[in-house]
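The following note concerns helix packing in the model shown below. Please read the points alongside the structure.

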Amino acid sequence: MGDLELSCGLPPGPDFAELAALAERLGYQRVWIYDSAPLWEDPFVHLALAARRTTRIGLATAVLIPDERSEMAMASAIATVARLSRGRFRACFGTGLTSRLAMGQRPMTLAALERYVTAVRALLAGDAVEVGGSLARMLHADGLTAPRPIDVPLWISAFGPRGAALAGEIADGVIGPPHPSLPTATIASGTVLDTGEDPASDRVREAIGPWRIVDWHNAYATKGAEGVDALPGGRAWREELESLAPEGERHLLAFEGHVTHLLPRDRRLLDHIDVKRMVGDEDRVGVQLARLASHGFREVVYTPTGPDVPRELRAFAQAGRKHLASAS
């Protein structure tokens with residue numbers, strides 16, 4: 001387990017740079033920022049602010065949505081953060097499941113993701129590539145960004161055999177199941193209990209709830225009524241949501257507060273969430289981290305939520321530090 005990196009993931013918002021600086025002081029390896037234009041502010045602005053507030057911690061994205069920026073805009077933004085962070089940046093891309101569903105659109109295809117990431121990599125290398133039907137190249141003059149080639153690791157979020165195969169062809173790493181040849185990170189929510197605290201306490205449910213109700217959000221958006229109704233409390237959740245908007249507007253409600261906040265209808269699902277996975281005292285959390293390492297993961301991206309994110313970061317860092325040190 002000594003080789004397992006413990007990082008954290010946070011949404012782009014007013015507290016991101018301050019929390020990134022805290023994560024650096026606590027010893028986290030990297031801070032990953034989310035990207036979804038319907039839900040959060042622009043991640044590159046907050047990455048730039050965090051780059052100025054920190055000196056050691058890595059910066060990364062989980063995950064960038066290609067269709068929100070042209071290939072050239074993406075390459076320029078990546079180059080900017082790479083320069084400001086002095087080489088501490090990693091860019092990870094995905095097909096935009098949540099972001100696109102929240103706008104009533106289907107996720108990108110893997111083929112489109114492949115074309116996009118390949119083009120961005122070529123632009124960062126200083127090559128000319130076809131963008132929008134014409135050749136394009138980064139034309140930034142000396143002193144206006146880092147000279148090409150700009151060496152930034154490009155990862156993708158990939159699941160299933162086709163995703164794994166694509167990652168092996170175009171990526172430097174993966175968020176998803178352990179990959180046979182690439183370093184792999186996994187995302188984990190959870191909380192470290194106070195002494196004598198009940199895992200089913202209100203504090204625990206509030207702390208982990210925003211990530212644990214994602215299954216209901218995704219089931220409704222991808223499988224409709226049948227999918228979400230099959231989950232505990234899903235039918236009542238769906239009926240309340242559907243009472244608020246006509247059919248063509250319900251996608252605007254399904255992801256409200258996604259992974260950061262609990263709406264009243266979401267809070268009524270808290271009795272049904274898993275309060276065992278990555279929830280426990282320092283020893284229990286350490287054992288579960290060790291299990292992830294034994295499965296082949298190189299990095300765990302801890303995603304704290306709830307009313308006291310600094311508390312969650314501190315407690316989880318302590319658990320990770322204790323067990324990483326004892327396993328080294």
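1. The crossing of H2 and H3 is left-handed (the near helix is turned anticlockwise from the far one by less than a right angle; clockwise would be right-handed). Helices here are DSSP runs of H or I with at least four residues, strands are E runs of at least two, and both are numbered from the N terminus. The model is predicted: local features need pLDDT of at least 70, side-chain atom pairs count only at pLDDT 80 or more, and totals for chains, interfaces and linings use all residues. Residues are numbered from 1 along each chain as its sequence is written, and side-chain values use heavy atoms, without hydrogens and water.

2. Helix H2 (residues 43-53) packs on helix H3 (residues 71-84) at about 15°, with the axes 9 Å apart (axes are lines fitted to C-alpha atoms over the stretch in contact, and angles run from 0 to 180 degrees between N-to-C directions). H2 and H3 are therefore roughly parallel (under 35 degrees; over 145 is roughly antiparallel, 65 to 115 roughly perpendicular and the rest oblique).

3. H3 also meets H5: their axes come within 9 Å and cross at roughly 50°. The pair is therefore oblique, and the crossing is right-handed. Contact (heavy atoms within 4.5 Å) involves Glu71, Met72, Met74, Ala75, Ile78 and Ala79 of H3, and Tyr116, Ala119, Val120, Leu123 and Leu124 of H5.

4. Among the buried residues of H5 are Ala112, Leu113 and Val117 (under 20% relative accessible area with a 1.4 Å probe, protein chains only; over 50% is exposed, in between partly exposed). After H5 comes Gly126, with a positive phi near 95°.
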